[in-house]
Amino acid sequence: MHLVATPIRISDLLAGDDEFKTGADVLFLGIVRGDSHTRKVLYLEYEAYEEMAEQILSELVSLSYEKWPLEEVKIFHRLGRVWLGQIAVAVEVKSAHRGEAYEASRYLIEEIKHRVPIWKKEYFTDGTSEWSLCSHVDVSESA
Amino acid sequence: MTMTIKLFAVLKEIAGQGEIHLEVPSVISCGEVVSRLHEEIPSLVPFLEHCLVAVNGKYADDGASVSVEDEVAILPPVSGG
């Protein structure tokens, strides 16, 4: 499962490689920031179309193994309330050399942001809240 | 026939429910499903033009056909990460 309702911990990541094939371990963490444009954020709430999101995340992991010679790929994305400074998304890519790990990491986080049906609602310190309307997949490229 | 349509995020909040039931012909296009939603819940109209339709967990274009057997969902612009 990639979608998690409890805090993502660093101890869930960065595990050792018993076979010593990994030479590069690139970890991207998306962290909840305290400002959104000019407003102060209190916390975020994430919601997903869970079945579809899990399916696309699994497909993205499979695609990344096809595109690059990777040792291991892990993706976790939070659901529910996530406070400032907490991890909202984690993408870890292990490979023999750094080039493919960096490329796959960037590919995965960009695809997550554009294709996976997850939505973020921002709650501000002034008591207001707003759904974040970011981006969307181009259906013609989604097959 | 009755089609169940899943709503998420801002759509769910405005509609006040995560599922809408629409009376539809046995086969209908995704674009027609969205048009029916315009009629049923006018308050969704400003948001629907930015949304995509998913059928059985896959993004679908407006011309794709759906039946009441399919799982149909309307997805606002995603904002994960």
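## Chains A and B: sheets and interface

In strand β2 of chain B, His21(B) is the bridge partner of Thr4(B). The model is predicted, with pLDDT of at least 70 required for local features and 80 or more for side-chain atom pairs, while totals for chains, interfaces and linings use all residues; side-chain values use heavy atoms, without hydrogens and water. Residues are numbered from 1 along each chain as its sequence is written, and chains are lettered from A and ligands numbered from 1 in the order in which they are written. Helices (H or I, at least four residues) and strands (E, at least two) are DSSP runs, numbered from the N terminus.

**The sheet of chain B**

- Five strands of chain B make an open sheet with mixed pairing, in the order β2-β1-β7-β4-β5; two strands count as paired if DSSP finds at least two bridges between them.
- The edges are β2 and β5 (58-60) of chain B, each pairing on one side only.
- From one strand to the next, the twist averages 35 degrees.
- Strands of a sheet pair through backbone hydrogen bonds, either parallel or antiparallel.
- β1 (residues 2-7) and β2 (residues 19-23) of chain B are antiparallel and share five bridges.
- On β7 (residues 72-75) of chain B, β1(B) pairs in the parallel sense, over three bridges; here Leu7(B) has Ile74(B) as its bridge partner.
- β4 (residues 52-55) of chain B runs antiparallel to β5(B) and is joined to β5(B) by three bridges, with Val53(B) partnered by Ala60(B).
- A helix of the other chain, α1(A), packs on this sheet and touches β4, β5 and β7 of chain B. The direction of α1(A) makes about 100 degrees with that of β5(B); axes are lines fitted to C-alpha atoms, for helices over the stretch in contact, and angles run from 0 to 180 degrees between N-to-C directions.

**The sheet of chain A**

- In chain A, four strands form an open sheet of mixed pairing, ordered β1-β5-β7-β2.
- Its edge strands are β1 (3-4) and β2 (24-31) of chain A, and each pairs on one side only.
- β2(A) and β7 (residues 87-95) of chain A are antiparallel and joined by eight bridges; Phe28(A) stands opposite Val91(A) in β7(A).
- Helix α1(A) lies across β1 and β5 (70-78) of chain A, at about 160 degrees to β5(A).
- Helix α2(A) lies across β2, β5 and β7 of chain A, at about 150 degrees to β7(A).

**The interface**

- Contact, meaning heavy atoms within 4.5 Å, involves 27 residues of chain A and 24 residues of chain B.
- The size of an interface is often given as the accessible area lost when the parts come together.
- Between chain A and chain B the buried area (the accessible area, 1.4 Å probe, that two parts lose on being put together, summed over both) is about 2,300 Å², and carbon and sulfur atoms give 61% of this.
- There are 15 residue pairs in polar contact across the interface, both residues being at pLDDT 80 or more. A polar contact is a pair of N or O atoms within 3.5 Å; within protein, one must be able to donate a hydrogen and the other to accept it, and residues adjacent in sequence count only if both atoms are side-chain atoms.
- On the side of chain A that touches chain B, at least two residues each come from β4 (39-48), α1 (50-67), α2 (98-115) and β8 (118-124) of chain A.
- β8(A) gives the most to that side, with four residues.
- By type, the residues of that side are 15 nonpolar, six polar and six charged. Ala, Val, Leu, Ile, Met, Phe, Trp, Tyr, Cys and Pro count as nonpolar, Asp, Glu, Lys and Arg as charged, and the others, Gly among them, as polar.

**Salt bridges**

- Over all chains the structure holds 13 salt bridges, each a side-chain nitrogen of Lys or Arg within 4 Å of a carboxyl oxygen of Asp or Glu.
- Three salt bridges are found across the interface of chain A and chain B.
- Glu47(A) forms a salt bridge with Lys12(B), with the closest N and O atoms 3.5 Å apart.
- Within chain A, Arg81(A) forms a salt bridge with Glu45(A) at 3.1 Å between the closest N and O atoms.
- This pair links distant parts of the chain, 36 residues apart: Arg81(A) is in β6 (residues 80-83) and Glu45(A) in β4 of chain A.
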